[in-house]
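Subject: Structure handover

Hello,

Here is the structure I said I would pass on. My notes on it follow below.

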Amino acid sequence: MGLAVLMLGYGIGSDPVPPVVAAEKPSARQLTADDSAFVRKVVDENLCPCGCGNYLPGSSQTRACFGCAVGTAEVARMIDGLKAGRSHAQILLSIRSGIIIDVFADYTDRGLATTWEQVQRVARAYEIDRVVLRTPGRTRSARSAVKLVECARRQGLYTAMQLALINHTVSWDTETLLAVASRVGVDVEQARACLAEVDVDPQIMKDREHASNRGLHRYPAVTINRVPVAAREDALRQAVLDLLEDSSF
């Protein structure tokens, strides 16, 4: 996924900047031209944290990540932080953070909401910004959910749509998912057109590859800095503490 698509979806690089919808933070500030230039510079100069050795999605460098879940989440997190009022210096510190927590699961998996909340509690406790959902897309319903999140990203509602589907527990047919999208502010007709053409297969295949490489076969599953950790809060906390202790020497 190109940087232009990501940035336009968040109201960067378009003129005028669209208003922030109620489903996002109503107090979120609009982003400036300086913010846009900052995002582009960071994307051009930083590697994707997925470990592929390429630059972030949309980079002008010859080796740019194609737009995997980790790379696009990194750009989305940066833009969300700017909209929430974080400074450029704070964003850079976050980008250079040494810990990444990956949650491998489909939106349709039972237990995802519980695992996600446990991971988020640990991340908040230790000020870890990088928490990424990796979706193997094992069923048609699961892939439809991934597509809808990507379509919501184009409307600047990636975070809201992702959280809504993490907590969704009933039917997974397209019309039900579009109803959920409508409740978080997504334009349903735009989303319907997007679902017909958006391609999430490369992203799904990368998530499957990484899950296999890490020996993950049951979901939800969690890795911290690419090492599998039991999806329990005590185990997650201990793994983070061990990493922090190692990095202090």
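In which loop is R226 found? R226 is in the loop that lies between β3 and β4. Please keep in mind that this is a predicted model.

Backbone points

Most residues other than glycine have a negative phi, and most peptide bonds are trans. R226 has a phi near 75°, a positive value in a residue other than glycine. N225 also has a positive phi, near 50°, and is not glycine either. N225 is placed in the loop between β3 and β4 (227–229). As for solvent, N225 has a relative accessibility of 23%, so it counts as partly exposed. R226 has 37% relative accessibility and therefore counts as partly exposed.

P220 sits in the loop between α10 (201–213) and β3 (221–224).

Helix α10 also holds M205. The relative accessible area of M205 is 49%, so this residue is partly exposed; the cut-off for exposed is over 50%. M205 and P136 are 69 residues apart in sequence, while their C-alpha atoms are 7.1 Å apart in space.

Strands β1 and β2

Strand β1 (residues 100–104) runs parallel to β2, and five bridges join the two. One of the pairings is V103 with its bridge partner L133 in β2.

Is β2 enclosed or open to solvent? Five of the five residues in β2 (residues 130–134) are buried, so the strand is largely enclosed by the rest of the structure. In a regular strand the side chains alternate between the two faces of the sheet. In β2, R130, V132 and R134 are on one side and V131 and L133 on the other, and both faces are covered. Note that two arginines, R130 and R134, are among these buried residues.

In soluble globular proteins, nonpolar side chains tend to be buried together. Here the largest nonpolar core has 66 residues, and Y107, M161 and L165 have the most contacts inside it. Helix α3 gives the largest share of this core, seven residues.

What does M161 touch, leaving aside residues up to four places away in sequence? Its contacts are L148, V149, A152, V180, A181, V184 and V186.

Cavity

How many cavities of 30 Å³ or more are there? The count is one, and the volume of the largest cavity is about 90 Å³. Its lining is made of A69, T72, Y107, L133, T135, V146, V149, E150, R153, Y158, Q162 and Q203. The elements that give two or more residues to this lining are α3 (69–83), α6 (140–153) and α7 (158–166). Helix α6 supplies the largest share, four residues. Sorted by class, the lining has six nonpolar, four polar and two charged residues.

Some of these names have come up already. Y107 lines the cavity and is one of the residues with the most contacts inside the largest nonpolar core. L133 is also in the lining, and is the β2 bridge partner of V103. V149 lines the cavity too, and is among the residues that M161 touches.

Regards

Terms used: Residues numbered from 1 in each chain as written. Predicted model: local features only at pLDDT ≥ 70, side-chain atom pairs only at ≥ 80, totals over all residues. Heavy atoms only, no water. 1 Å grid on protein atoms, 1.4 Å probe; cavity = no way out; pocket = protein on both sides within 12 Å on 5 of 7 lines; lining within 4 Å. Points joined across faces, edges and corners; volume = space filled by probe spheres on them. Nonpolar A, V, L, I, M, F, W, Y, C, P; charged D, E, K, R; others polar. Buried < 20%, exposed > 50% of the residue type's maximum accessible area, 1.4 Å probe, protein only. Core = buried A, V, L, I, M, F, W, Y, C linked by side-chain atoms within 4.5 Å. Contact = heavy atoms within 4.5 Å. Pairing = 2+ DSSP bridges.
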